[in-house]
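Subject: The two-chain model

Hi there,

Here is the model I promised to pass on. Please open it alongside this message, and my notes follow below.

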There are 2 protein chains.
Amino acid sequence: MRSVSIIGVGCTKFGERWESSLRDLVAEAGVIAIDDACIVGEQIDALFVGNMSAGRFVGQEHIGALIADCAGLSRRHIASTRVEAACASGGLALRQAVLAVASGYHDIVIAAGVEKMTDVSAGTAADALAAAADREWECFVGATFPALYAMMARLHMRRYGTTHDQMAMVAVKNHHHACMNPIAQYHAELSIEDVNRSPMVADPLHVFDCSPISDGAAVVVIVPTEMARSFVDTPVRIVGSSQGSDTLALHDRRDLTTLDSTVIAARSAFRQADIEPWQVDVAEVHDCFTIAEILAIEDIGFVEKGQGGRVVEEGITALSGELPVNTSGGLKACGHPVGATGIKQVYEIVLQLRGEAGQRQVDEVEIGLTHNVGGSGGTAIVHILTR
Amino acid sequence: MRSVSIIGVGCTKFGERWESSLRDLVAEAGVIAIDDACIVGEQIDALFVGNMSAGRFVGQEHIGALIADCAGLSRRHIASTRVEAACASGGLALRQAVLAVASGYHDIVIAAGVEKMTDVSAGTAADALAAAADREWECFVGATFPALYAMMARLHMRRYGTTHDQMAMVAVKNHHHACMNPIAQYHAELSIEDVNRSPMVADPLHVFDCSPISDGAAVVVIVPTEMARSFVDTPVRIVGSSQGSDTLALHDRRDLTTLDSTVIAARSAFRQADIEPWQVDVAEVHDCFTIAEILAIEDIGFVEKGQGGRVVEEGITALSGELPVNTSGGLKACGHPVGATGIKQVYEIVLQLRGEAGQRQVDEVEIGLTHNVGGSGGTAIVHILTR
């Protein structure tokens, strides 16, 4: 297997992008990434696109061919593959792209993620998102997507003494980070009181515990590491790439306070990279709800199970802390166009490793990690990146 | 790259399977394939699932995790990846599975295809299928999916003298083949008159020129060729596996009577396999409409451009002809659960290569080919199989 490196990244502004179609968003991010990689479109060998539900959101499937087309690559009839794993679709696209390059099948490969969610009503969007859970065994009997995470939160509170204020602090921190991120959907500070006073969605989760509905796209360009420096001076190596699954429905899980898919994917990625969790300098984790960030830092192995809430409260995951988490603002405040999120996480970590993260730059970043979850943990994807 | 072989295949009956859910269908095909491969579920390393639009048809995304779950494999948290390329989703799943085994990443891998289409109204299904075409540039301005193929048919008729009776003969032949196939949706012979008298859908395509809406699933099990005979006595080698893209919208194409994605994918697969089109003994090609089978046998290189209609008329592609095409009954008569079709094609060719195709068995089959198209040709996938 060949070593794989990232030579270019691009991301649109996330938010309500009513003036841009799905294809516009991908093209916008793609042009930035291709420029950043110092390549031209004609050099691209293959495309992998992560998208959750363009069929529901914009009435369009066949997303692989669509993206090859709007990127001007269909004239060369290159292989273009859409993958889907709900909110982990972006991470999965990168993982498939890594396999394609590592195996020697392709050299210069694009991994893209995109979602255009705001063209439908909030109700339609919520129903489309519920398709990430188990429709027959969860949604049909009344569970909404926030309700599933609310159950995890409740058990975590009871078992480990985690408080809602600690969850709210995740939102406060991530909104603070987003204020320093030009692509973020929200540039507004939040207080714990703001979160607590916001409308209840599914007890104990308030509206400010939830990530928003967003439009956006992100693109990375990868090549074999041996070729990387012929394109750019600061390539970023992908030293770990892993994927885990779990039952779709919560009731079949071993433990509601752990996402085993994350545990498995993280363990495998750390083994591939031959590093330990404490060596990671900065991480983007999947905070679709505030409780999800607490679960993530535990399940990845950054802190012991049950300590996630305390660690957030102590500021360890803040920009100035020992392990800054979600410097982009996370899904919570940077926005969560579901198919794009996994690639946007990689975009942020690449900026951090290059020292290009502006006001939110972490000092002396050598190793970064991304963690992308599908649904309530049916899929998890972990990537580890180094300079 | 390692050589890859098929050790097991399974397929459900296609049709209106109102008693079975999407997960039931995959489980049904999976059990047959796993038995056929002489493995147990615990030996499976990874899953790739082709599905076009479960989000629209049954309100469920996150199909990779769902299938791992219903196959009882999520306890081991194995990697499970859904891919989508409209009607070529099944073929694409096999291609990704082949890459995963050929590269050495995984040993025992499942490629599955599934679609559950009959739970929605015909109108909803037609709209979901239109998502394979270019929603913004074709559907919004009034093109239906049959209308796109009707335009190709009209130009083929004008340019090459192809007649509608020749197209109807594709339907007649494929219905005849399906009568001998226990899994086929239709077991009814058609005459040319039946086709001509059936309601017009998009001139010149009548309803019997169109493939139906169907439920079904198909599964294949692949391993490195060097391991294959440790499981079964009659493995089938995959000697060519290729994928091509094209513009989604027809108006951007070089030529409306050729699917360049097919031309590119077939050429690449033949090069990999080091064989010529005339060496193929039996083929399953993508006859979503009767004209599509005529285009396919030309674009794959079996006959010269413009000769497809004549070749069908002469019976060359009939079961008793020199190159039997769509012995399963094709999409037209075996049925077309879109995500399953690409895998069902492989199922049929494997039966033919093993001599297990019953009444529709072709004599002395050494080499078979499958050809799976997404939409109106935005994607094409070609596999070449040998004993």
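**Where the two chains meet**

Strand β3(A) is joined to strand β3 (residues 79–84) of chain B by three bridges, and the two run antiparallel. Strands are counted as paired here if DSSP finds at least two bridges between them. Within this pairing, A:Arg82 stands opposite B:Glu84 in β3(B).

Before going further, some ground rules. This is a predicted model, in which local features need pLDDT of at least 70, side-chain atom pairs count only at pLDDT 80 or more, and totals for chains, interfaces and linings use all residues. Residues are numbered from 1 along each chain as its sequence is written, while chains are lettered from A and ligands numbered from 1 in the order in which they are written. Helices (H or I, at least four residues) and strands (E, at least two) are DSSP runs, numbered from the N terminus.

Back to the interface: 51 residues of chain A are in contact with 51 residues of chain B, where contact means that the C-beta atoms of two residues, placed from the backbone, lie within 7 Å. On chain A, the elements giving two or more residues to this side are α2 (54–57), α3 (63–70), β3 (79–84), α4, β8 (236–245) and α10 (260–273). By class, the side of chain A that touches chain B has 20 nonpolar, 22 polar and nine charged residues. For these classes, Ala, Val, Leu, Ile, Met, Phe, Trp, Tyr, Cys and Pro count as nonpolar, Asp, Glu, Lys and Arg as charged, and the others, Gly among them, as polar.

**Inside chain A**

Chain A has 14 helices and 11 strands. Its radius of gyration is 19 Å, close to the 21 Å that the globule rule gives for 387 residues, so chain A is as compact as a globular protein of that length. (The radius is taken over C-alpha atoms, and the rule is 2.2 Å times the number of residues to the power 0.38.) Along its principal axes, the C-alpha trace spans about 55 × 45 × 40 Å.

Buried residues make up 65% of the 387 in chain A. A residue is buried if 20 or more other C-beta atoms lie within 10 Å of its own, exposed if 12 or fewer, and partly exposed in between, with C-beta atoms placed from the backbone.

The domain assignment gives domain 1 (4–121 + 214–236) and domain 2 (134–212 + 237–386); such bounds come from an automatic or database domain assignment. Their contact takes 41 residues from domain 1 and 35 residues from domain 2. On the domain 1 side, α4(A) gives the most, with eight residues. That side divides into 24 nonpolar, 13 polar and four charged residues.

**Residues to click on**

- A:Asn372 is in strand β10 (residues 367–374) and is buried, with 35 other C-beta atoms within 10 Å. Leaving out residues up to four places away in sequence, its contacts include A:Ala88, A:His286 and A:Ile381.
- A:Ser320 lies in the loop between α12 (308–313) and α13 (330–334), and counts as exposed with 9 C-beta neighbours inside 10 Å.

Most residues other than glycine have a negative phi, and most peptide bonds are trans. These are the exceptions I would look at:

- The peptide bond from A:Asp203 to A:Pro204 is cis, with omega near 10 degrees. A cis bond also joins B:Asp203 and B:Pro204, with omega about 10 degrees.
- B:His77 has a positive phi of about 60 degrees. B:His77 sits in the loop between α3 (63–70) and β3 of chain B and counts as buried, with 22 C-beta neighbours inside 10 Å.
- B:Asp274 has a phi near 55 degrees. B:Asp274 counts as exposed, with 10 C-beta neighbours inside 10 Å.

Best wishes
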